[in-house]
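Hi,

Here is the structure I promised to pass on to you. Have a look at it first, and then read on for what I found.

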Amino acid sequence: MDKNFQEEFTEIIKFQPPLYKQRHQFVKDLVEKYKPKKVADLGCADCSLLWMLKFCSCIEVLAGLDICANVMKEKMHTLSPLPVDYLQPSERSLTVTLHHGSVAHKDPCMLGFDLVTCIELIEHLEEPELKKFPEVVFGFMAPSIVVISTPNSEFNPLLPGVTSYRHPDHKFEWSQAQFQSWALETARCYNYSVEFSGVGHPPTGMEKVGFCTQIGVFVRQYPLTGESVQAEKPTEAVYKTVFKAVYPSLKDEKYLQNAVISEVIFTAQIIKHRLMSKRKECYDDPERKSKFQPSMDCFSDYLGKLVVEKNMEPFVSGNEVYIPLATIFSFPKVNRLCGTFEKLCKLIAGKVTLSSDGSAVVFNIEHENEEN
């Protein structure tokens, strides 16, 4: 490398967006491509990658592992459900767990994952840990996909202030050839294929230097059999769980029932309001008043497509408004939440005021009439 050319770029190389965000986006793009349900981040540190991944709708299980419990504990609150998660539960389930332990040890809690990420991890491992790492991740955990990123030492001369390693805790930093040699041998031993990529492009004219962060994406070539997993499964856990959060989900009948009840009452209130407004218009207009019928034909036009049958029309009887459940069920959101009319009836039974035959939601409008 020409020394003057090197010095020219040493002072100006800046990555936009920052390099860590590019690494996270790389993982997110893989998640969007492969749609894994269970993802583990080894060396999760401040949990920032896990925080980003919790918003990916395909993921139902997230796990983090780090050797430093204090770093995780400082940021693990960011992985807790927010009030809005309880007010508007997601349709998917999501469990987030953090473990304290070493990637050189096997623990059954790390079995069954679809994707395992190791972002800027391996360069922090001592030689004995690095030797055990492939067997733990590729042999024991054996996920469908493994993503490993690590610094590219060939890029270091272009980085301001870097004279040796990029971080004082790094035990080594590999060139492109060293990383690819290790990755290809690991892939061969454990029946994976590997493709190389990276983030942090070099300056124009210096493409041979490679990416600032080099990345290997490993894909398992053959399905994992249940027998092979069971044969390797240790009898005792070695990791310590330091955090666990179970997000509210519509797959939990408790949250589903609350959501359905709220939506049924909300929908019925809207229909009642429209019905009473239309009824008032009919009675206030002498010409329309003569045409007004108890069956509320004028309201049928107002509901339009939402009321598809005559026997689904809301009606007023005395001081009570009756909103047929069949009408409420025809609304898309209620229909999607319940799936079947029978489930709608089951979920709201005893929670919503219904007619004697259970076919309609009932509102008493005596107080409203007094106010009017």
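One aromatic cluster is made up of Phe-133, Phe-172, Trp-174, Phe-179, Trp-182 and Phe-196. Please keep in mind that this is a predicted model.

Two members of that cluster, Phe-179 and Trp-182, sit three residues apart in helix α7 (residues 176–189), so about one helical turn separates them. Their ring centres are 6.4 Å apart and the planes meet at 20°, so this pair is stacked. Both Phe-179 and Trp-182 are buried.

A second stacked pair is Phe-315 with Tyr-322: the ring centres lie 5.0 Å apart, with 5° between the planes. Here Phe-315 is partly exposed, at a relative accessible area of 34%, whereas Tyr-322 counts as buried at 17%. The count of aromatic pairs comes to 14.

Now to the strands. An open, antiparallel sheet is formed by three of them, in the order β9-β10-β11. The edges are taken by β9 (315–317) and β11 (360–364); each has a single partner strand, so one side of each has no neighbour in the sheet. From one strand to the next, the twist averages 25°. Five antiparallel bridges join β10 (residues 320–324) to β11, and Val-321 has Phe-363 in β11 as its bridge partner.

Phe-363 also has a charge over its ring: Lys-272 lies over the face, 5.1 Å from the ring centre. Likewise, Lys-38 lies over the face of Phe-113, at 5.1 Å from the ring centre.

Best wishes

Definitions and conventions:
Residues are numbered from 1 along each chain as its sequence is written. This is a predicted model: local features need pLDDT of at least 70, side-chain atom pairs count only at pLDDT 80 or more; totals for chains, interfaces and linings use all residues. Side-chain values use heavy atoms; hydrogens and water are left out. Two strands pair if DSSP finds at least two bridges between them. Helices (H or I, at least four residues) and strands (E, at least two) are DSSP runs, numbered from the N terminus. Axes are lines fitted to C-alpha atoms, for helices over the stretch in contact, and angles run from 0 to 180 degrees between N-to-C directions. Rings of Phe, Tyr and Trp (its six-membered ring) pair if their centres lie within 6.5 Å; planes under 30 degrees apart count as stacked, over 60 as edge-to-face and the rest as tilted. Buried means under 20% relative accessible area, exposed over 50%, partly exposed in between (1.4 Å probe, protein chains only). A charge sits over a ring if NZ of Lys or CZ of Arg is within 6 Å of the ring centre and within 35 degrees of the ring normal.
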